[in-house]
Amino acid sequence: MTADLGFGMTLVALVLAVYGGAAAGVGARTGRAALVESAQHAALGVFVLITACFALLTYAFLTFDFSVRYVATNTNLGTPFYYRITGVWGALEGSIILWSWMLALYTMIVVLRHRSTARELYPWALATMLGILAFFLLVMTVAAPPFQRHTPVPADGRGLNPLLEDTGMITHPVALYLGFTGFTVPFAFAMAALATGRVGDAWLALTRRWAIVAWYFLSLGLLIGGWWSYHVLGWGGYWAWDPVENAAFMPWLTGTAFLHSVMIQERRRMLKLWNISLVILTFGLTLFGTFLTRSGVIASVHSFTQGAIGILFLSFLALVLLTALGLVAWRWEVLRSQGDLDSVVSRESAFLLNNVLLVAAAFTVFFGTVFPLLSEAVRGVKVSVGAPFFNQVNVPLFLSLIFLMGVGPLIAWRRASLDNLARNFLWPVVLGVVAAAAAFVLGVRSSLAALAFAAAAFVLATIALDFGRATRARLRAGESLLPAMGGLVRRHNRRYGGFVVHLGILIIALGVTGSQAWSVQTEMTLRPGETAELVGYRVRFDGLTAVEESNHFKVVGAFTVSNGRVLGVLRPAKKFYPQEQSPIAYVDYRLGLKEDIYLVLGDFARDGRQATVKLQVNRLVSWIWIGGAVLTLGALLAILPDRRATA
Amino acid sequence: MSREWLRRLAAPVLVLLVSVAAGAQPPAAPVSEDTVHEVATQLRCVVCQSLSVADSPSEMASQMRGIIRARLAAGERPAEVIQYFVDRYGEWILLAPRRRGFNLLVWLFPLVAVATGLVLVATIVRRWTRRRRDGVAAPVNVDPAMSERIRREMERGT
């Protein structure tokens, strides 16, 4: 019953989306406003229907409606209330609903915001968005249907993947998908720009803020994913260069490149072709990421043919890229920009360099991620490409990017004179050198870490210098300190929003550097009363207890942590789920600004007479999360309406 | 499919390995945990998605760390311990492919990507600045479009 109702609604939504996309397209071509209006109604209908599907599936989860196959495979009678809600998007079928719902939501916002402000571009953008929605609805009907009857109705379901029983399950996918789907809007307007031939500034002005929103959510999704990995997966890290992570990181890199190169087009009317390409690339990478993570192709190059989803995504990706490239070729003449540069030493060059590095990093991650498939296909030999590879090849790129982060905002547009360079960079360079020396004196022996600190100090100094100078100018004009600073930030919110985002990235980079350079760990088997020691911390094993939870069985270890005085008792555990072969580690930790103490329970004797514990002291990791908060502030500041334009 | 297969295969193999290692080696001299960690970071935990043996909290990884410790204690060099795992599991066990043969592709790709990008940008910058220089040679009366642009840029300020 529920399954049939849901499936029926999905089908109707699919038909509506196809009709709406076609109507908007024809309306845009022929200029018939009535058709575009009809497409808007269709978009509203699609939104309402997907919302209803989502609500229906949630209801099925809450009421344990095991007549729906997806409910039965992803929940059971023991699943707590909270995880029955997040369980809705706990697997492929449900995440496609969440994805489509967000896409429909973005489509509605585009309708409401741009219907009357962008008459030329809007109908094409609407057609593009509805077309993409139609694809996801197609996936929902043929390849990964969430609404499928399950007969006979089982008495109990299989249960949710235990790793997903965490609060991160609500924030992480939501943020990540808002980021992924958000890049559809810039892509839709880029297609509109190509279709109409208006590849100038209009589409960029419309989509710049959208791109920041999408970029921000993607960043947030990545960071929450890191936090989740850190406190749930129990391996003491936040980023493993897993294909799933790489899939989200690639569009982030090209999206970041786009946010920067946009400025050159706005300022200097150059790089039209490049900007359109970056948007196409970013959107293509979001689709590719979904293909990579959802088709099973990662496990083996041969496994993706087993499901329809891989073929569907690959075909759609090909369709999107061919259409986009076809349009680009068609508009080649207007896209070719008559670039002119005054000097090699200019902000334009700094931005071009930034783009080269970001896109090169994206391609590197891409190639590294697909290389195992290539190797299997060509040589028939399976290889792994993991963290050691990605760290080695990417760290130099990222260090250069951080350095450019200091150069870009301060170097002059067009032509940087020697005077301009000295005025802006003398002190930051000095500070960078001092920081490297200080790091060396303080015992940093890794040259990469020292370089990272030098680059960070350099960038920090450029930001402080710029802000200080601008504030002083306002003070001279007779304002007092705080209003001067506030006014500056508010009036140039885009510039200072960017600075604050840079600051956030810088803090994250420091956290990453610190945790890579200084984290230590040890592993010991202890009997009750025995103690493990690591860099001044003493961890005493107090004993094991067994706890029966609603849907699993848990063995909890108690460890008293002290460093001279008792800091507290940490309780890492192992959870045994009936549906899982091996137990799930549940870590316990004590977070600090300087270092985190992190405990993982390993093997133990059933009678509690001994337990193996992995003790880690992870340095500076908290700064990654703090950097995320700063980045949020900066992004908010950057998307505030521009005061200067209206003033 | 293949992970399941590995998981099933890996357990008995490991039990065998542990017993062989334990039986063959004399009582161990203390091994530096840093060396164990160093070796373990380069090996892939066979039952995980992409975690190293050093990081993974799984029992399998913990047993593999045990083997590394035992073999190092028996006097093997880190490279030999790694080769030992490669012999048993294939190249797949290495988290970074060895830099030879076909694998060179993946190692050289980043260099090629950056180099191509830099050459491209250098060419474009050169061409665009040259056009500029040729333009400067022309008479210095500024055309209206340009002065309009200057006015606009001045208004925008920085």
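Analyst: Let's start at D340(A), which is found in the loop between α13 (332–335) and α14 (347–378) of chain A. Helices (H or I, at least four residues) and strands (E, at least two) are DSSP runs, numbered from the N terminus. D340(A) counts as partly exposed because 17 other C-beta atoms lie within 10 Å. The cut-offs behind that word are these: 20 or more other C-beta atoms within 10 Å of a residue's own make it buried, 12 or fewer make it exposed, and anything in between is partly exposed, with C-beta atoms placed from the backbone. D340(A) and R414(A) are 74 residues apart along the chain, and 9.3 Å separates their C-alpha atoms.

Keep in mind that this is a predicted model, where local features need pLDDT of at least 70 and side-chain atom pairs count only at pLDDT 80 or more, while totals for chains, interfaces and linings use all residues. Residues are numbered from 1 along each chain as its sequence is written, and chains are lettered from A and ligands numbered from 1 in the order in which they are written. The pLDDT is the predictor's confidence in each residue, from 0 to 100. Chain A has a mean pLDDT of 89, with 98% of its residues at 70 or more.

Now let's step back to the domains, whose bounds come from an automatic or database domain assignment. Chain A is divided into domain 1 (1–165), domain 2 (197–336 + 344–386), domain 3 (417–518 + 630–646) and domain 4 (520–620). Between the C-alpha centres of domain 2 and domain 4 of chain A there are 39 Å.

Next come some strands of chain A. Strand β10 (residues 611–619) of chain A is largely enclosed by the rest of the structure, because eight of its nine residues are buried. Two strands pair if DSSP finds at least two bridges between them. Strand β1 (residues 520–526) of chain A runs antiparallel to β10(A), joined by seven bridges, and V520(A) stands opposite V617(A). Strand β9 (residues 595–604) of chain A is also antiparallel to β10(A), with eight bridges, and here D596(A) faces N618(A). The hairpin of β9(A) and β10(A) has six residues between the strands, and G608(A) in it takes a positive phi near 80°.

Some backbone details deserve a look too. Most residues other than glycine have a negative phi, and most peptide bonds are trans. L620(A), in the loop between β10 and α20 (622–639) of chain A, has a positive phi of about 60° although it is not a glycine. L620(A) counts as buried, because it has 23 C-beta neighbours inside 10 Å. W241(A), in the loop between α9 (202–233) and α10 (243–268) of chain A, also has a positive phi, near 55°. W241(A) is buried, with 20 other C-beta atoms within 10 Å. The peptide bond from T151(A) to P152(A) is cis, with omega near -5°.

Finally, chain A has a neighbour: 49 of its residues are in contact with 42 residues of chain B. Contact here means that the C-beta atoms of two residues, placed from the backbone, lie within 7 Å. On the side of chain B that touches chain A, α5(B) gives the most, with 14 residues.
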